[in-house]
Amino acid sequence: MTIKQQFIDGKWVHSNSNKVRKIINPFNQEVIAQVTESDETDAKAAITAARKAFDKGVWSSTPATDRGQIVYKIADFIARDREELAELESLDTGKTMEESRGDMDDIAGVFRYYAEAADKDGGEIIDSPIPNSVSKVVREPVGVCGQITPWNYPLLQASWKLAPALAAGNTLIMKPSEITPLTSIKVFELIEEAGVPSGVANLVLGAGNTVGAEMSVNTDVDLISFTGGIETGKKIMQAASVNVKKIALELGGKNPNVIFADADFETAVDQAMNAVFFHAGQICSAGTRLIIEESIHDDFVSALVDRVKNITLGNGFDEATQMGPLISEEHLNKVINYVEKGKREGATVAIGGKRPEDPKLQDGFFYLPTVITDCTTDMSVVQDEGFGPVITVEKFTTEEEAINLANDSIYGLAGGVWTKDIAKAERAVAKMRMGTVWINEFNLYFPHAPWGGFKQSGIGRELGKPGLDEYQETKHIFHNLKPESMNWF
Ligand SMILES: NC(=O)c1ccc[n+]([C@@H]2O[C@H](COP(=O)([O-])OP(=O)(O)OC[C@H]3O[C@@H](n4cnc5c(N)ncnc54)[C@H](O)[C@@H]3O)[C@@H](O)[C@H]2O)c1
Ligand SMILES: C[N+](C)(C)CC=O
């Protein structure tokens, strides 16, 4: 098996550590690839390459239209290699091929969106308070950007960082999750093929506490953009303070899905399942907190449990599979402990709550889709991000109570409301403290709409115009056309 390499200063190279990491298929624990394990010295080399490339201006001085065309080529190559990329993503994460193919389409769309945005903002002239002067505002790249991504949506989360950073003229170092690097490696081959100059886009592979920590603390890095867990986010924020780096943090969520009694019952049940069981619940915006109006609570839970019984677990490459495994044994144990703690706190497992017994699933990190009832807002299952196929159910009787429950979280990433009453929906979402709120929808995202969290779900936004702004500095240029002495001193 060939050892996949890191990409530094336009060259595919082995790491200085000479260590190799095995990449595992979570469906059956087979080794699917071997990758070089970068260390701090590799991170430093990649940062130096990105710094030199930025300081030379090779990319930032390329006309924005030309940069956009190169970013467009990356989108085209992703569309061309869609099936290969989707296969790599499913092998690496265990998600179904249908989900991975959808991800690849979204990813190509993100590169296209930022390719088109690249040359659309030529700055602006603003009104000057001084006669005979010109006052203008221009947007410039931030500089060297460190980008650190998680394992659940490996290439999708990478695309939200790579595409705007390149379109805006930055140089960058990307570190994908050490568990799921395969599609990021492949996309760097496409970045090379598209003609991004050497040193502009660099890829390092390896662990967070070595490579990621170096990227966060290194003073040659001007911005760090991170997607991952809240505890890692706090460490990165602290490390980044060393040179007051710009930071963008996309962290976790504990997302409420509020069902009013007047909602379309069948659709709300169906979508409550999609909200949480896609990718086995390993989604930052998963609708893991179901908050149901008391009058329909029992019927809703019973309908949900009936449907959950029929979810087909299996290999993401099997067309019949609806839900794949969790990412790793370590993560499976976290989910098991999370549910057990909920039971000890008095919650009831209505269905699931254990590993499947099917002999065909024993080599994979599977956990049954789980519905937990009798939940109260003080329970850890309701407050902590479980990041598994587990939904908790709470009840409410008034609109105000529903909103209070929905907002009772340290997180504020996303949430949904189901009702046919338009005014009630608008009143509810206006009070929900989250970066994205859906009315009669859940988990939808697209390149034009910003994504990010209120409260401890993060800082900054990805996607849309704000996702490009993150990678730009704003400069005010004031030009006095008729300078005169002030004669003050
Ligand atoms: N808000 C969003 O858009 C969004 C999207 C996807 C995932 N997430 C969150 O990601 C989490 C799951 O991903 P994960 O388990 O990979 O998260 P994680 O925090 O464990 O790891 C994320 C990345 O950070 C790196 N890392 C770990 N320690 C580091 C350190 N000390 N310094 C620098 N980098 C370090 C890892 O190697 C990995 O590349 C969940 O909490 C989920 O909600 C959020
Ligand atoms: C941001 N999203 C929904 C694509 C993946 C979150 O884990």
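Student: How do the residues lining the second largest pocket divide by class?
Tutor: In this predicted model, that lining has 8 nonpolar, 8 polar and 8 charged residues.

Student: What makes a residue there count as polar or charged?
Tutor: Asp, Glu, Lys and Arg count as charged, and Gly is among the polar ones. Glu98, Glu99 and Gly102 are among the lining residues closest to the centre of the second largest pocket.

Student: What volume does the second largest pocket have, and which elements give two or more residues to its lining?
Tutor: Its volume is about 570 Å³. The elements are helix 4 (97-117) and helix 9 (265-277). Helix 4 gives the most, with 7 residues.

Student: How much space lies in the largest pocket?
Tutor: About 1,600 Å³. Its lining has 49 residues, and Trp151, Gly228, Gly229, Thr232 and Lys334 are the closest to its centre.

Student: Which helix gives the most to the lining of the largest pocket?
Tutor: Helix 8, with 6 residues. Helix 8 spans 230-240, and strand 11 (223-227) is among the other elements that supply at least two.

Student: How does the lining of the largest pocket split by class?
Tutor: Into 21 nonpolar, 17 polar and 11 charged residues.

Student: Now Thr373. Why is Thr373 called buried?
Tutor: Its relative accessibility is 9%. Buried means under 20%. The value falls under that cut-off, so Thr373 counts as buried.

Student: Where is Thr373 found, and which residues does Thr373 touch?
Tutor: Thr373 is in strand 16 (residues 370-373). Not counting residues up to four places away in sequence, Thr373 touches Val301, Ala347, Thr348, Ala350 and Val393.

Key
Residues numbered from 1 in each chain as written. Chains lettered and ligands numbered in written order. Predicted model: local features only at pLDDT ≥ 70, side-chain atom pairs only at ≥ 80, totals over all residues. Heavy atoms only, no water. Helix = DSSP H or I, 4+ residues; strand = E, 2+ residues; numbered from the N terminus. Buried < 20%, exposed > 50% of the residue type's maximum accessible area, 1.4 Å probe, protein only. Contact = heavy atoms within 4.5 Å. 1 Å grid on protein atoms, 1.4 Å probe; cavity = no way out; pocket = protein on both sides within 12 Å on 5 of 7 lines; lining within 4 Å. Points joined across faces, edges and corners; volume = space filled by probe spheres on them.
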